[in-house]
Amino acid sequence: MADVSGSVRVYGLIAGMWIRSTLVYRTSFALALLVNFLVTALDFVVIWMMFSQATSLGGYSFAQTAFLYGTASVSFGITTFVLGSVDDLGMRVRDGTLDAFLVRPAPVLVQVAADRFGLRRIGRLLQGVLVLGWSLARLDVDWTPAKLLLMPVMLLSGAAIFGAVYVAGAAFQFWAQDAAEAQSAFTFGGVTLLQYPPTVFARDFVIGVTFVVPLAFVNWLPALYVLGRPYPLGLPWWLAFAPPLVAAGSCALAGLAWRAGVRSYRSTGS
Amino acid sequence: MGTSGASGTLRLYAAVVAGGFRRYATYRSATAAGVFTNTVFGFIVAYTYMALWDERPGLGGYDEAQALTYVWIGQALAQALSMFNAGFAVDMVARIRNGDIAVDLYRPVDLQLWWLASDLGRAGFQLFSRGVVPLTVGALCFPLALPGDPVVWLEFLVAVALAVVVSFAIRYVLALAAFWLIDGTGVLQFGGVVGMFFTGLLLPLNAMPGALGDLARVLPWAALLQMPADILLGARSGADGLLRAYAFQAGWAVVLLAAGRLLQSSATRKVVLQGG
């Protein structure tokens, strides 16, 4: 446990340093915060505009879609807030500045995650919380203790699954430094996908994000259980409670990929 | 300046265009990664459009095939028109922050034309390297409404060229804000987000409701994706419609380039650069 608390302390120290340096340029920080709020808010405006033209999308109402949007955004918001810098790893591998991280007495992943910590990213999380709150006020959910318990479990497990995608993507950048954009397909693409009802997408697509890259466990399966709607693939209902297991499995795999990546690191050629 | 001087200047900017092209052509795995991501996003957005046009056939004057074509044109042009990132403006803002821009201002070339030439080279490379594959995949997996007439494709490419200039002009104005703010990253990101929305990458401007739609259709970002897409989709048929689209694009290009000039001259006269 000393290991974990040590990591948290190191993370806090590095993040705190970056926060102080960010706050030197106040106007720019205020704008960056607003941008992070807006970028997701405008995502939601698009969904609102779609529902101003149609009463339902894939058989889901606006409030139900907003619930999916809110749950996916909160999980993703937590992940980008904590790990948002790891997708810059390729840059550090390319210019060799990762070397400095390897000689410091702290876990490399913690240093990479806290590097260039962006306080502005809290804007995205806030926006997700607002939409989720609004959807819960509008929806008439038939609450049971199981559903109430599932809510925090879903949001945290979802963040962990997205976190695994981030770390696996970063590990891939040890081999392909310039391919940082490919992981956007799974991170930003993933959250965009999960903001819409699964009934909108083709069956093969849904199968892919359920069994290959298990993004469906971030919110689709548990959120549909909360809403009392069937999951399109006809899977058993209790899978709604599987996100913690899926998260643990994904994180373990991502950890292995990360170790393999660090081991293969040979610094720059020159 | 004599004729030899003019042709020398032309050769100079042609070399800068070629340099911009080659710079981006160097990063092959980045290009492949980007193509992959644009294609995945194309699929996601295409399915949401199918659900929407199922409910509202004919929304925004498009049938479903046209709406799907719009999605894939958007993904094909996203990089060439710098819809997700500020492109050259990031480099320029960095040079303003660390003071290197002073060196650029001493060079016997025009600052705005230099960056425009380099950005044209980049856009030329990304239009083909990042545009062809997503559009082809889209055409193979969805019923698209792509024209068979090469003249329409040519008219489309003219509109894309004008769009590239408008996109550059917008980002140049945003980048110049860094002269006053020192750290211009926030402005660029703000411009990027607002721009992505008003470009209509997520929802066609035609399909935006009410006053917001009316506003979106006259802002400069309408020149980026909506105009070229409408021309390719035949939604602006006839010489009149075509000329009006070109005039809209060229008008914004001139206004924004002139605004960039004005800002640039006031920035270089009044602002003390980093480093004294």
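Predicted model: local features only at pLDDT ≥ 70, side-chain atom pairs only at ≥ 80, totals over all residues.
**Figure 1. Overall fold of chain B.** Chain B contains 13 helices and zero strands. Read from the N terminus, its elements follow the order α-α-α-α-α-α-α-α-α-α-α-α-α. The C-alpha trace of chain B extends over about 60 × 40 × 40 Å along its principal axes. Of the 276 residues in chain B, 47% are buried. Among contacts in chain B between residues at least 6 apart in sequence, 81% link residues at least 24 apart.

**Figure 2. Packing of helix 8 against helix 13 in chain A.** Helix 8 (residues 145–172) and helix 13 (residues 243–264) of chain A pack at an angle of about 20 degrees, and their axes are 8 Å apart. An angle under 35 degrees counts as roughly parallel, so helix 8 of chain A is roughly parallel to helix 13 of chain A. The crossing of helix 8 of chain A with helix 13 of chain A is left-handed. Residues that helix 8 of chain A brings to the contact include A:Val153, A:Met154, A:Ile161 and A:Val167. Among those from helix 13 of chain A are A:Pro243, A:Val246, A:Leu253 and A:Trp258. By class, the residues of this contact between helix 8 and helix 13 of chain A comprise 18 nonpolar, five polar and no charged.

**Figure 3. Surroundings of helix 12 in chain A.** Helix 12 of chain A (residues 220–227) is mostly covered, with seven of its eight residues buried. The buried residues in helix 12 of chain A are A:Trp220, A:Leu221, A:Pro222, A:Ala223, A:Leu224, A:Tyr225 and A:Val226. Helix 3 (62–83), helix 8, helix 10 (188–194) and helix 13 of chain A are the helices against which the buried residues of helix 12 of chain A pack. Just after helix 12 of chain A, A:Gly228 adopts a positive phi of about 70 degrees.

**Figure 4. The loop at A:Gly96.** A:Gly96 is located in the loop between helix 4 (89–95) and helix 5 (98–103) of chain A. With 12 other C-beta atoms within 10 Å, A:Gly96 is exposed. A:Gly96 and A:Thr268 are separated by 172 residues in sequence, yet their C-alpha atoms are 5.3 Å apart in space. Not counting residues up to four places away in sequence, A:Gly96 touches A:Ser267 and A:Thr268.

**Figure 5. The side of chain A that touches chain B.** Contacts between the chains involve 35 residues of chain A and 33 residues of chain B. On the chain A side, the elements giving two or more residues are helix 2 (26–53), helix 9 (180–184) and helix 10 of chain A. Helix 2 of chain A provides the largest share of this side, 15 residues. The side of chain A that touches chain B has 24 nonpolar, nine polar and two charged residues.

**Figure 6. Packing of helix 4 against helix 8 in chain B.** Helix 4 (residues 88–98) and helix 8 (residues 150–176) of chain B pack at an angle of about 20 degrees, with axes 9 Å apart. Helix 4 of chain B and helix 8 of chain B are therefore roughly parallel to each other. Their crossing is right-handed. B:Ala89, B:Met92 and B:Val93 of helix 4 of chain B meet B:Arg171, B:Leu174 and B:Ala175 of helix 8 of chain B. The residues of this contact between helix 4 and helix 8 of chain B divide into five nonpolar, no polar and one charged.

How values were computed:
Residues numbered from 1 in each chain as written. Chains lettered and ligands numbered in written order. Helix = DSSP H or I, 4+ residues; strand = E, 2+ residues; numbered from the N terminus. Buried ≥ 20, exposed ≤ 12 C-beta atoms within 10 Å, placed from the backbone. Contact = placed C-beta atoms within 7 Å. Axes fitted to C-alpha atoms, helices over the stretch in contact; angles between N-to-C directions. Parallel < 35°, antiparallel > 145°, perpendicular 65-115°, else oblique. Left-handed = near helix turned anticlockwise from the far one by under 90°. Nonpolar A, V, L, I, M, F, W, Y, C, P; charged D, E, K, R; others polar.
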